[in-house]
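Subject: Structure handover

Hello,

Here is the structure I promised to pass on. Please open it first, then read my notes below.

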Amino acid sequence: MRDEGSLANKVKIARKKKILKACLIYGFLILGGVTMILPFLWMISTSLKSYNSVFIFNLKDIHWLPDPVYWKNYVDVWKVVPFARFYLNSIFVCVAVTFGQVATSALAAYAFARLQFPGRDKIFFAYLATMMIPGSVTMIPVFALMRTFGWIDTYKALIIPSIFTAYGTFLLRQFFMTLPRDLEDAAKIDGCSLWGIFWRVILPLSNTALATLTIFVSLGNWVSFMWPLLVTNSIEKRTLPIGLAYFQELYQYAQPDWGLLMAGSLITMVPIIIVFLFNQRFFIEGIKLTGMKG
Amino acid sequence: MIKLKSSEKEAIAGYLFVLPNFLGFAVFTLVPVILSLVLSFVSWDMLSPPKFIGLSNFINLIGFHKESASFVANDPLFWKCLGNTLYLMMIIPLQIMASLGLALIVNNKIKGINLFKTIYFLPTITNGVAICLLWAWIYNFDFGLLNNMIIKFGNLFGIHFQGIPWLTSTAWAKPSLMIMGLWIMMGGYNMILFLAALQGVPRELYEAAQIDGAGSWDRFWSITWPMISPTTFFIAVMSVIGGFQGGFMQAYIMTGGGPDRSTTTLEYLIYNHLYSWQHVGYAAGIAWFVFVIVFLVTMFNWRFGGKLVQYSHY
């Protein structure tokens, strides 16, 4: 069946090849998807099982579908540990850090990108130079500072040191540099002050960059672990990740109530997934931006 | 009132704009960098006043002493943790390959591709502690999903498998964390970066190669691979830099750094010295050791990065 001359045959072969290729791609996609999703399904399944039924699969089969469905974990988890408190702490700290960082970064970035003042480039170089320093180098003295200030176990320690980063300033400065100057010049001629230019021209033009930074800072803060672990002692000041870790430590000497733990874990995941789904574009842009700096 | 020139006005405005950020940056980054260097030369438990001890921290850290005709490390735990950190980093090549593989298949414009992208990205946006708890449960020796699957799989062929002590044996603890790391990382940031790089390869190159009769394998190695090499190199460097500073949360949640300290990384050791044992100066010493390594990797990147990869002029 190798009639080279027949066009119809060639088209047939090409179509077959195309279908085969599509099948192969879908095959790999689904294989990858199953690998990623299976642990999460197990998480959901476990979270709907009672303490005892979590363990029974050893006798027979692996029970993917909980029978009966045990919703109570999602009620109990708020009572076993102060989950609502962890939630509020996380939201409060996250909003404060994100707002503080975006605001101060935008101000500084505007000056670095547009204004002339003595020492500007030297100061900006200092910002750049610190970006490759490992976090633990600065974390140690800042932790000591927190103790000296008496800030341990306060919101101040959770919020204030996390606000000022070179990263945010750098990211926004790079973006402001790409904005056309015409609008600013026009605003200047109209008698607009520098603050007016910043507030009415630069910021509205930078929606994407500001959204990207907002998403990145809030995501980073939402999952931040070591710093809140270091500076909080009491249960009332814990953020969600530390609260979850504490939750697990309750079971140090026994087989944990995995159903409860998984329900708690899932509850912490839901808001960030929703935020992600609605802002996927900014996530992707942000990642590409960070990749460009290299 | 003194009249200011407009350039002076602008300078004052510039300082005012920078000030809020710079104050915080100075207090929480600039000064601490210097402070931590100072701390690495002192012995301090945060209770009694710090004592200057010169290079002792570093001598203890990386020095050796003679003990009955053989050299013994002054701080074997440090070397063990350095070894653990390097061991865990051996997953990086596989991680990069997996990310590239996923990016290659996701790069096809077919129906439902966005759904898959989102699914691959899920572990990246999930709270790390939740992921670690999930995997601790999957790795559970008696009741974990993985061991049960292995046992059931063996039963199909009449073989009696014993469960693997994933997190509770020194042999398996590190590979377990690496497998989890692979699962978390492969569809995350690196896949997105690769995807962006793949989409940046000019289509004409592929079309020209197709006319020359190059198969898809040839096209990958002679076009795609060289064209995306800057991204590959960037990801590799960032992964190495991250690797030296990583591994704390996973070990803290899943193994407590054990068994027998087999999953304690340098970052974990810093935490232990700083928080658990109040050796602030020593912790600073380790942090600076990591800094030096990261610095060298970055220098290597600047010096040779341009030569190892192919930058296109499109």
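**Around Ile140(A)**

Set aside the neighbours of Ile140(A) within four places in sequence, and its contacts are Ser36(B), Leu39(B), Leu274(B), Val280(B), Ala283(B), Ala284(B) and Ala287(B). Please keep in mind that this is a predicted model.

Ile140(A) also belongs to the largest nonpolar core, which has 145 residues. Ile140(A) is among the residues with the most contacts inside that core, together with Leu133(B), Ile286(B) and Ala287(B). The core lies between domain 1 (7-47) and domain 2 (72-292) of chain A, because both give residues to it. As a general point, nonpolar side chains in soluble globular proteins tend to be buried together.

**Where the chains meet**

How many residues of each chain are in contact with the other? The count is 71 residues in chain B and 76 residues in chain A. On the chain B side, helix α1 (residues 6-39) supplies the largest share, with 21 residues. That side of chain B divides into 53 nonpolar, 15 polar and 3 charged residues.

**The domains of chain A**

Chain A is split into domain 1, residues 7-47, and domain 2, residues 72-292. Their centres, taken over C-alpha atoms, are 37 Å apart. The contact between them involves 4 residues from domain 1 of chain A and 7 residues from domain 2 of chain A. On the domain 1 side, the touching residues are 2 nonpolar and 2 polar, with no charged ones.

**Details in chain A**

Start with helix α12 of chain A, residues 240-249. Is this helix mostly covered or mostly open? Mostly covered: 7 of its 10 residues are buried. The buried ones are Leu240(A), Pro241(A), Ile242(A), Gly243(A), Leu244(A), Phe247(A) and Gln248(A).

Next comes Arg281(A), in helix α13 (residues 258-292) of chain A. Why does Arg281(A) count as exposed? It has 12 C-beta neighbours inside 10 Å, and a residue is exposed with 12 or fewer. Thr212(A) is 69 residues away from Arg281(A) along the chain, yet the two C-alpha atoms are separated by 8.9 Å.

Then look at Asp153(A), in the loop between α5 (135-149) and α6 (155-163) of chain A. Asp153(A) is not a glycine, but its phi is positive, near 65°. In general, most residues other than glycine have a negative phi. Asp153(A) counts as partly exposed, because it has 16 C-beta neighbours inside 10 Å.

**Chain B as a whole**

Chain B holds 15 helices and 4 strands. Its radius of gyration is 25 Å, whereas a compact globule of 314 residues would have one near 20 Å. The C-alpha trace of chain B spans about 75 × 70 × 45 Å along its principal axes. Of the 314 residues in chain B, 38% are buried. Take the contacts in chain B with a separation of 6 or more: 64% of them join residues 24 or more positions apart.

**The hairpin in chain B**

Strand β3 (residues 64-67) and strand β4 (residues 70-73) of chain B pair in the antiparallel sense, over 4 bridges. Which residue of β4(B) stands opposite Phe64(B)? That is Ala73(B). The bridge partner of His65(B) is Val72(B), also in β4(B).

The two strands form a hairpin with 2 residues between them. Ser68(B) sits in the turn and has a positive phi of about 40°. Ala69(B) is in the loop between β3 and β4 of chain B. The phi of Ala69(B) is positive too, near 70°, and this residue is not a glycine.

**Where to look first**

Then turn to the chain B hairpin formed by β3(B) and β4(B).

Best wishes

Terms used
Residues are numbered from 1 along each chain as its sequence is written. Chains are lettered from A and ligands numbered from 1 in the order in which they are written. This is a predicted model: local features need pLDDT of at least 70, side-chain atom pairs count only at pLDDT 80 or more; totals for chains, interfaces and linings use all residues. Two residues are in contact if their C-beta atoms, placed from the backbone, lie within 7 Å. Ala, Val, Leu, Ile, Met, Phe, Trp, Tyr, Cys and Pro count as nonpolar, Asp, Glu, Lys and Arg as charged, and the others, Gly among them, as polar. Domain bounds come from an automatic or database domain assignment. A residue is buried if 20 or more other C-beta atoms lie within 10 Å of its own, exposed if 12 or fewer, and partly exposed in between; C-beta atoms are placed from the backbone. The radius of gyration is taken over C-alpha atoms; the globule rule is 2.2 Å times the number of residues to the power 0.38. Two strands pair if DSSP finds at least two bridges between them. A nonpolar core is a set of buried Ala, Val, Leu, Ile, Met, Phe, Trp, Tyr and Cys residues joined through C-beta atoms within 7 Å.
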